[in-house]
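Reader: I have the sequence and the model open side by side, and I would like to go through them with you. Could you take my questions as they come?

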Amino acid sequence: MRWLFLLLVMLNFFYWVWSERFASRMANENPVSLFLGVEAGIRLVSESGVAVQAKGEGRKKEECLFLGGFQSEEKGRQIVQRLLSLDIASRIERQERVVAADYWVYLPPLASRQASLQQVRELQAKKIDSYVIAQGDLINAVSLGVFSRAESAEAAVQRFRVAGYEPVVRELPRVRQDYWVRVMPESARLLDERLMKGLGRSFPGLRQQKKECEGVAASGYLE
């Protein structure tokens, strides 16, 4: 029992010495440096994420080959069939583009159709050609004409203002529909120079262009 008592005393003494040394070392540590060390670790993780993102953005985007540019859907379908016979996957797409604009001159809508009709009668009495718009967002407005040039529309506006009216001009885009054949990226390598020349002879006016597959805005895929 005596030896056991002495052993417990010694263990308590050694534990007290260890506790005092540990407390002294913690007191000498700078808490700010510990915080900065943690903050630096967080910053490194953040910078690593940015590096990964930048690496992903640097990847080359996939390009698609387009053939056509026809106003006839039938020609596009014929090209698709020709390519299909050569095991080249493709599909026809309709794309829209603005080729020009018209300029619509009109008087703003009135409260009722009867008021608009009265305005038309007044205009026609002054030999100004006009009519009431019967539908759309300009219902009950009075059309004064459509012009193919902005200068002509502006000149008309000035004439109507001299006559005592305040017309408005709306630009009407003229949209053209073209038909293109998109060649699937995995099949584009099969279109060699000889085959392209053959397609050019069969379809005069055939154009080809490459665009980023994700950046192409088509108005519709056609089956």
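Reader: To start, what covers the buried residues of helix 5?
Author: The cover includes strand 2, strand 4 and strand 5, where a residue counts as in contact if heavy atoms lie within 4.5 Å. Helices (H or I, at least four residues) and strands (E, at least two) are DSSP runs, numbered from the N terminus. This is a predicted model, in which local features need pLDDT of at least 70 and side-chain atom pairs count only at pLDDT 80 or more, while totals for chains, interfaces and linings use all residues. Residues are numbered from 1 along each chain as its sequence is written, and side-chain values use heavy atoms, with hydrogens and water left out.

Reader: Which residues of helix 5 are the buried ones?
Author: They are Ala 153, Ala 156, Val 157 and Phe 160; buried means under 20% relative accessible area, exposed means over 50%, and partly exposed is in between, with a 1.4 Å probe and protein chains only. Seen down the axis of helix 5, these buried residues fall within an arc of 105°, so they line one face of the helix; the arc is that of the directions from the helix axis to the C-beta atoms. An α-helix has 3.6 residues a turn, so residues three or four places apart point the same way.

Reader: And which residues are exposed on the other side of helix 5?
Author: Glu 151, Arg 159 and Val 162 are exposed there. After the helix comes Gly 164, which has a positive phi, near 100°.

Reader: How many residues does helix 5 have, and what span should they give?
Author: Helix 5 covers residues 150–162, and its 13 residues should span 18 Å at 1.5 Å a residue, which agrees with end C-alpha atoms that are 19 Å apart. The expected span is 1.5 Å times one less than the number of residues.

Reader: Let me switch to helix 6; which of its residues are buried?
Author: In helix 6, Leu 195, Met 196, Gly 198 and Leu 199 are buried, and they cover an arc of only 160° around the axis, which puts them on the same side of the helix. Glu 193, Arg 194 and Arg 201 are exposed on the other side of helix 6. Among the elements that cover the buried residues of helix 6 are strand 1, helix 3 and strand 6 (207–212).

Reader: What is Leu 199 in contact with?
Author: Leaving aside neighbours within four places in sequence, Leu 199 is in contact with Leu 67, Arg 82, Leu 83, Leu 191 and Leu 206.

Reader: How many residues are in the largest nonpolar core?
Author: That core has 17 residues, and those with the most contacts inside it are Leu 67, Ile 79, Leu 83, Val 183, Leu 191, Leu 199 and Leu 206. Strand 1, helix 3 (73–85), strand 5 and helix 6 each supply at least two residues of this core. A second, separate core of 16 residues includes Leu 123, Ile 128, Val 142 and Ala 153. A nonpolar core here is a set of buried Ala, Val, Leu, Ile, Met, Phe, Trp, Tyr and Cys residues joined through side-chain atoms within 4.5 Å.

Reader: Strand 5 keeps turning up, so how many bridges join strand 2 to strand 5?
Author: There are 16 bridges between strand 2 and strand 5, and the two run antiparallel; strands pair if DSSP finds at least two bridges between them. Tyr 103 stands opposite Glu 171 in strand 5. Strand 1 (residues 63–70) also pairs with strand 5 in the antiparallel sense, over 5 bridges, and the bridge partner of Gly 68 in strand 5 is Trp 180.

Reader: On to charges: how many salt bridges does a search of the whole structure find?
Author: The search finds 10 salt bridges, each being a side-chain nitrogen of Lys or Arg within 4 Å of a carboxyl oxygen of Asp or Glu. One of them joins Asp 178 and Arg 97, at 2.6 Å from N to O. Asp 178 lies in strand 5 (residues 168–183) and Arg 97 in strand 2 (residues 90–107), so the pair ties together parts that are 81 residues apart in sequence.

Reader: Is Asp 178 buried or exposed?
Author: Asp 178 is buried, with a relative accessible area of 2%, whereas Arg 97 is partly exposed, at 36%.

Reader: Which residue forms a salt bridge with Arg 170?
Author: Asp 137 does, with the closest N and O atoms 2.8 Å apart. Arg 170 is in strand 5 and Asp 137 in the loop between strand 3 (131–132) and strand 4 (142–147), so that pair links distant parts of the chain, 33 residues apart. Arg 170 is partly exposed at 28% relative accessibility, and Asp 137 is exposed at 59%.
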